[in-house]
Amino acid sequence: MTDDHVQLTDEQWRERLTPEQYAVMRGKGTERAFTGAYWDTKEPGVYRCAACRAELFRSDTKYDSGSGWPSFTEPVRPDAVRYESDTAYGMRRTEALCARCDAHLGHVFDDGPAPGGQRYCMNSVSLELQPSSD
Ligand code: FE
C-alpha cells in the first residue's frame, strides 16, 4: 500500500467512473478483445490509472501481443502495481491492481517476450494515455 492510497466507497466509485470503467476496475470484469481504445496504440506517452491517475506503464514497454488487449512487459515502477492470486473461472491467474487505488487492471502472464518474460495484459478502459509532449 502506498502513502497516497486512495480509498473511496462503492458509491463514490460509481460516481467517479463510467459504467464500463466501474465494471472492469471495481467489478474485475474484462473488456472484449480488440474493442478497447489502446490495444493497437503505438503513440508515445505514459499510461495512467483511469481511476486515480497514478502512472502505471510507459509506452516504450508496450508491445503487440496479438491478444487484443494493451500489453506491457513491466510497470513504470515495481510498486505501481500490486498483485493478487485469482482463481476465478477455474483458472489460476495473477491479477494486477493499481497499487494506489486498488482498481483492477488486468492479469499478468509469464508468456511475455525476453528477457523478462512477463506479459501485463491490461484492459484499455482501466488506462488513460497521457501522450508525450515532445
Ligand atoms: Fe488507480
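**Close-up views of the iron site, sheet, pockets and backbone**

Cys-49 is buried, at 0% relative accessibility (buried is under 20% relative accessible area, exposed over 50%, partly exposed in between; 1.4 Å probe, protein chains only). The model is predicted: local features need pLDDT of at least 70, side-chain atom pairs count only at pLDDT 80 or more, and totals for chains, interfaces and linings use all residues. Residues are numbered from 1 along each chain as its sequence is written, and side-chain values use heavy atoms, without hydrogens and water.

**View A. Four cysteines hold the iron ion.**
The protein donors are the SG atoms of Cys-49, Cys-52, Cys-98 and Cys-101, at 2.3 to 2.4 Å from the iron ion (donors are N, O and S atoms within 2.8 Å of the metal, or 3.2 Å for Na, K and Ca). The site is tetrahedral, with angles of 101 to 115° among its 4 donor atoms (all angles must lie between 85 and 135 degrees). The ideal angle for four tetrahedral donors is 109.5 degrees. In sequence, the donor residues follow C-x2-C-x45-C-x2-C. Cys-52 has a relative accessible area of 8% and is therefore buried.

**View B. An open antiparallel sheet has 6 strands.**
The strand order is β3-β4-β8-β7-β6-β5 (strands are DSSP E runs of at least two residues, helices H or I runs of at least four; two strands pair if DSSP finds at least two bridges). At the edges lie β3 (62-63) and β5 (81-86), each pairing on one side only. Strand β7 (residues 104-109) runs antiparallel to β8 (residues 119-122), joined by 4 bridges. Phe-109 stands opposite Arg-119 in β8.

**View C. The largest pocket holds about 210 Å³ of space.**
A pocket is an open set of points on a 1 Å grid, with protein on both sides within 12 Å along at least five of seven lines; lining residues have an atom within 4 Å of a point. A volume is the space filled by probe spheres set on the points. The largest pocket is lined by 15 residues, with Gly-29, Thr-30, Arg-93, His-104 and His-107 nearest its centre. β7 and β8 are the elements that each give two or more residues to this lining. β7 gives the most, 4 residues. By class, the lining has 6 nonpolar, 6 polar and 3 charged residues (Ala, Val, Leu, Ile, Met, Phe, Trp, Tyr, Cys and Pro are nonpolar; Asp, Glu, Lys and Arg are charged; the others are polar).

**View D. The second largest pocket has a volume of about 170 Å³.**
Its lining has 14 residues; Glu-20, Gln-21, Glu-31, Ser-124 and Val-125 lie nearest its centre. α2 (19-25) and β9 (127-131) each supply at least two lining residues. The largest share, 4 residues, comes from α2. The classes are 7 nonpolar, 4 polar and 3 charged.

**View E. The largest cavity has a volume of about 40 Å³.**
In a cavity, a 1.4 Å probe fits but cannot get out. The count comes to 1 cavity of 30 Å³ or more. Its lining includes Trp-39, Lys-62, Tyr-63, Trp-69 and Pro-70. The lining divides into 4 nonpolar, 5 polar and 2 charged residues.

**View F. Loops carry the backbone features listed here.**
A cis peptide bond joins Ala-114 and Pro-115, with omega about 5°. Pro-115 sits in the loop between β7 and β8. Phe-34, not a glycine, has a positive phi of about 65°. Phe-34 lies in the loop between α2 and β1 (45-49) and is partly exposed, at 45%. Arg-53, in the loop between β1 and β2 (55-58), has a positive phi near 75°. At 40% relative accessibility, Arg-53 is partly exposed.

How values were computed. Four donors count as tetrahedral if all angles lie between 85 and 135 degrees; four count as square planar and six as octahedral if opposite donors are over 155 degrees apart and all others between 65 and 115; anything else is irregular.
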